[in-house]
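This briefing concerns helix packing, the nonpolar core and selected individual residues. Please examine the structure below before reading the points that follow.

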Amino acid sequence: MDKTGPSLDQMSNEIANEALNFIAQFLLDHNLYDICLSWIQQLLELVLQDGADTFGVPMELKSDILFNLQDACSTMDPPEDWEGPAPEELVMQLASVWEIDLQQFDK
C-alpha cells in the first residue's frame, strides 16, 4: 500500500472494499496513519467525482472508516509533510457525501 500509493481507481469494487477495510483498521496505527490518509483522500476524490455509491461500500464499512478516522484525528496529528485536506475535513466531507450523521459516533 505504501509502495504503490493510493490506487483505488484501478481496483474492482470487491478489491477496493477489501482495501478500504484494511485501511479502516490501519487508521488507528500511528505507523500507518499517513499512508491511510492518502488512501482516504483518494477515496474522497473518487466519491466526489463519481458519486456516493462508488465501489458499493457497505454502510458498516463507511461507518468504520468514519469512526476510526474521527478517532485517529483526535489522537494523532497528520504527518508534517501532509499536503492534503485536514483529516477532520476528510471526515466531514465523506460523512456529507455518504449522508452519515457524525453525531451518532459521539455516544
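The points below are grouped by topic, after a short note on the model and its conventions.

The model is predicted, with local features requiring pLDDT of at least 70 and side-chain atom pairs counted only at pLDDT 80 or more, while totals for chains, interfaces and linings use all residues. Residues are numbered from 1 along each chain as its sequence is written, and side-chain values use heavy atoms, with hydrogens and water left out. Helices (H or I, at least four residues) are DSSP runs, as are strands (E, at least two), numbered from the N terminus.

**Packing of H3 with H4**

- Helix H3 spans residues 59-75 and helix H4 spans residues 87-98; their axes lie 9 Å apart, at an angle of about 160°. Axes are lines fitted to C-alpha atoms, for helices over the stretch in contact, and angles run from 0 to 180 degrees between N-to-C directions.
- H3 and H4 are therefore roughly antiparallel to each other. Angles over 145 degrees count as roughly antiparallel, under 35 as roughly parallel, 65 to 115 as roughly perpendicular and the rest as oblique.
- H3 passes H4 in a left-handed crossing; a crossing is left-handed if the near helix is turned anticlockwise from the far one by less than a right angle, and right-handed if clockwise.
- H3 contributes Lys-62, Ile-65, Leu-66, Leu-69, Gln-70 and Cys-73 to the contact, and H4 contributes Pro-87, Glu-88, Leu-90, Val-91, Leu-94, Ala-95 and Trp-98. Contact means heavy atoms within 4.5 Å.
- The contact of H3 with H4 comprises ten nonpolar, one polar and two charged residues. Ala, Val, Leu, Ile, Met, Phe, Trp, Tyr, Cys and Pro count as nonpolar, Asp, Glu, Lys and Arg as charged, and the others, Gly among them, as polar.

**Packing of H1 with H3**

- Helix H1 (residues 13-26) packs with H3 at an angle of about 30°, with the axes 9 Å apart. H1 is thus roughly parallel to H3.
- The crossing of H1 and H3 is left-handed.
- Asn-17, Leu-20, Asn-21, Ala-24 and Gln-25 of H1 meet Leu-61, Asp-64, Ile-65 and Asn-68 of H3. By class, the contact of H1 with H3 has four nonpolar, four polar and one charged residues.

**Packing of H2 with H4**

- The axes of H2 and H4 cross at roughly 35° and come within 10 Å, in a left-handed crossing.
- From H2, Tyr-33, Leu-37, Ile-40, Gln-41, Leu-43, Leu-44, Val-47 and Leu-48 meet Pro-87, Leu-90, Gln-93, Leu-94, Val-97 and Trp-98 of H4. The contact of H2 with H4 has twelve nonpolar, two polar and no charged residues.

**The nonpolar core**

- The largest nonpolar core has 35 residues, and those with the most contacts inside it are Leu-8, Leu-43, Ile-65, Leu-69, Leu-94 and Trp-98. Such a core is a set of buried Ala, Val, Leu, Ile, Met, Phe, Trp, Tyr and Cys residues joined through side-chain atoms within 4.5 Å.
- H1, helix H2 (33-50), H3 and H4 are the elements that give two or more residues to this core. The largest share, ten residues, comes from H2.
- Leu-94 touches Ile-40, Leu-43, Leu-44, Val-47, Ile-65 and Leu-66, not counting residues up to four places away in sequence.
- Leu-44, found in helix H2, counts as buried at 4% relative accessibility. Buried means under 20% relative accessible area, exposed over 50% and partly exposed in between (1.4 Å probe, protein chains only).
- With residues up to four places away in sequence not counted, Leu-44 touches Leu-90, Gln-93 and Leu-94.

- Phe-55 is in the loop between H2 and H3 and counts as buried at 9% relative accessibility. Its phi is near 70°, a positive value in a residue other than glycine.
- Gly-84 is in the loop between H3 and H4 and, at 21% relative accessibility, counts as partly exposed. Gly-84 and Leu-37 are 47 residues apart in sequence and 8.4 Å apart in space, C-alpha to C-alpha.
- Glu-99 is in the segment after H4 and counts as exposed at 73% relative accessibility. Phi of Glu-99 is near 55°, a positive value in a residue other than glycine.
- Gln-104 is also found in the segment after H4 and, at 38% relative accessibility, counts as partly exposed. Gln-104 and Phe-67 are 37 residues apart in sequence and 9.4 Å apart in space, C-alpha to C-alpha.
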